Amino acid sequence: MRIVDLYPLKGTHNPGETVQLFAEVQAEEKARGAIQLRIYQLAREVEVREFPASFSPGSQRVALLWQPPSSPAAYGIEARLLNSAGEPVSTASTACDVLSSWADFPRYGFLTDFSGNRQDISSTIASLARYHINGIQFYDWHYRHDYLVSPTEVFVDPLGRRLSVETIRNFIRVAHEQGMAAMAYLAVYAASLEFWQRHQDWALYNAEGRPLTFEGFLGLMDPSPEGAWSRHLRAQCASALADLPFDGLHIDQYGEPRAGFNVAGQPVNLPQAFKRFIEDLRLAHPSATLTFNAVKNWPIEALATAPQDFVYIEMWPSTPHYADLYRIIRQARHLSNSKPVVIALYLDSDNLANIRLSNAIIYASGATRIELGEQERLLADPYFPKHQAILPELARMLRRYADFAVRYSAFIGPAAANAPDVSVQAPEGVWPICRSLDGWLVVHLINMRGLDNQRWHEPHRPPWQLEHVRFDVKIPRAIKEVWWASPDGADLRLVPADHRFQNNTVQVSIPRLDYWSCIAFELDAREA
């Protein structure tokens, strides 16, 4: 018999909430045994629990309950399947966390299909919980861009899709049951052509005085803070939050135009209008989660300082290099006073090396990526319904990376500070990304060796696998221990790393580097 899978019921947990886990077990014959849970917090084992169980031939799902401490924290969970003699015969691992708010470490997914009579709502949400997704963007859920909530239970959206308000409600309900927030998508200045034509005095114009449209089916409106359109859209946001149990608002823009004029020919300051829209929503809905899309990282200076809960940045090939990912995330965290960052970028499911390397850099830099939704489908296009199926190899990799990011969120998540001034001498082609938190210095090593093409949006081969990787880190404090872990193998545990400390420099050796390894220096209070 063996454990086929292990995963939590919920994407995240509230303080004081019991963690429910499921172990999927395959048995060849009737047997008795037990499932042993070993709970880790970083490198420390904090609890061991054993659950006696009887197994029947075939597949079965065993529910396991664990009560974590009530304070926010993250845990690695390893399950050992024991036979009747108490001997381990199979293992599996997962992770879970306790957060005061999901937006403290947002792990964003998406939904796009709100047609009636969907029979897979529960399975869709359950599949995303296995990747620890804790927030869902409800993309194009609305009746119209200018009237968000449908006046009827069943309606036809602007693209001719027949949608159901009941389906939206059911998705929100099941998402809440499984520890996920529901975010209502809207566009800050888009209206149906019918509405736009009736309100030309509310429209946005170009320098030649022509009203602006988008993709031939939407009109662009003037988002000036005191304008009639902004007042109308804020009222629509209030209706959406009142009529449906959404947790917050995901506000979009299209990246262009970057300049516009009102009906009187006066210039509209779009960055300040966007920021003011967030400010007005925050005043009206203080408990709602808010985020605003910085398309192509514009206008990040205004959006990062607005009172949104996390920074959302949609990357395009205009910033094509892997180095741009790190630079843009670091800038956003700096401008926003270290708020969480979510990155959207669109990669084909066949480009496994690009996905692994992009995710490694994004996680190591202190951000997360929106990439999964709708029955574990991949976000591969800026029009979200064009999602793609993923192969088992990619699914396994994404699960490991998600487990790793949650398990070591203290090293990876937004609570850890950037530490760009740490001196690291790494081998050629290995990028160090440094983070710090109380009592720890963390060096993430990203493997770029052998990659002449370092553009995230162009297909490329995997980096060369490196063995016996040695590097030096200058640390002006004594260290207790040096730990090493990677999501690129089956074992996600932190293990001691070979190291030598001399003259304020730690020389470290790890056995291999595929795409991403995390080296954590546990610091002593004493100076070196």
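Predicted model: local features only at pLDDT ≥ 70, side-chain atom pairs only at ≥ 80, totals over all residues.
## Helix α5

Helix α5 covers residues 270–284, which makes 15 residues. From its first C-alpha to its last, α5 reaches 21 Å, close to the 21 Å expected at 1.5 Å a residue.

Which residues of α5 are buried? They are Leu 270, Ala 273, Phe 274, Lys 275, Phe 277, Ile 278, Asp 280, Leu 281 and Arg 282. An α-helix has 3.6 residues a turn, so residues three or four places apart point the same way. You can look for that spacing in the buried set, which includes Leu 270, Ala 273, Phe 274, Phe 277, Ile 278 and Leu 281.

The cover over these buried residues includes two helices by name, α4 (228–243) and α6 (300–303). Strands β16 (248–252), β17 (260–261), β18 (267–268) and β19 (289–295) are also part of that cover. At the start of α5, have a look at Asn 269: one of its side-chain oxygens comes to within 3.1 Å of the backbone nitrogen of Gln 272.

## A four-stranded sheet

Further along, there's an open sheet made of four strands, in the order β26-β29-β33-β32, with antiparallel pairing. Its edges are β26 (424–425) and β32 (498–502), and each of those pairs on one side only.

How many bridges link β29 and β33? Eight: β29 (residues 466–474) and β33 (residues 505–513) pair through them in the antiparallel sense.

## Helix α1

Now for another helix, α1, at residues 121–129. Its buried residues are Ile 121, Thr 124, Ile 125, Ser 127, Leu 128 and Ala 129.

What do they pack against? One partner is a helix, α2 (165–177), and the strands are β1 (2–8), β8 (108–111), β9 (135–138) and β23 (372–373).

## The whole chain

Zooming out, the protein chain has ten helices and 34 strands. Its radius of gyration is 24 Å, close to the 24 Å that the globule rule gives for 528 residues, so the chain is as compact as a globular protein of that length. Along the principal axes, its C-alpha atoms fill a box of roughly 75 × 60 × 40 Å.

Of the 528 residues, 58% count as buried. The chain exposes about 21100 Å², and carbon and sulfur atoms supply 47% of that. As for contacts between residues at least 6 apart in sequence, 71% join residues at least 24 apart.

Conventions: Residues numbered from 1 in each chain as written. Heavy atoms only, no water. Expected span 1.5 Å × (residues − 1). Buried < 20%, exposed > 50% of the residue type's maximum accessible area, 1.4 Å probe, protein only. Contact = heavy atoms within 4.5 Å. Polar contact = N/O pair within 3.5 Å; in protein donor to acceptor, adjacent residues only side chain to side chain. Pairing = 2+ DSSP bridges. Rg over C-alpha atoms; globule rule 2.2 N^0.38 Å. Areas by Shrake-Rupley, 256 points an atom, 1.4 Å probe, with all protein chains shown as cover.
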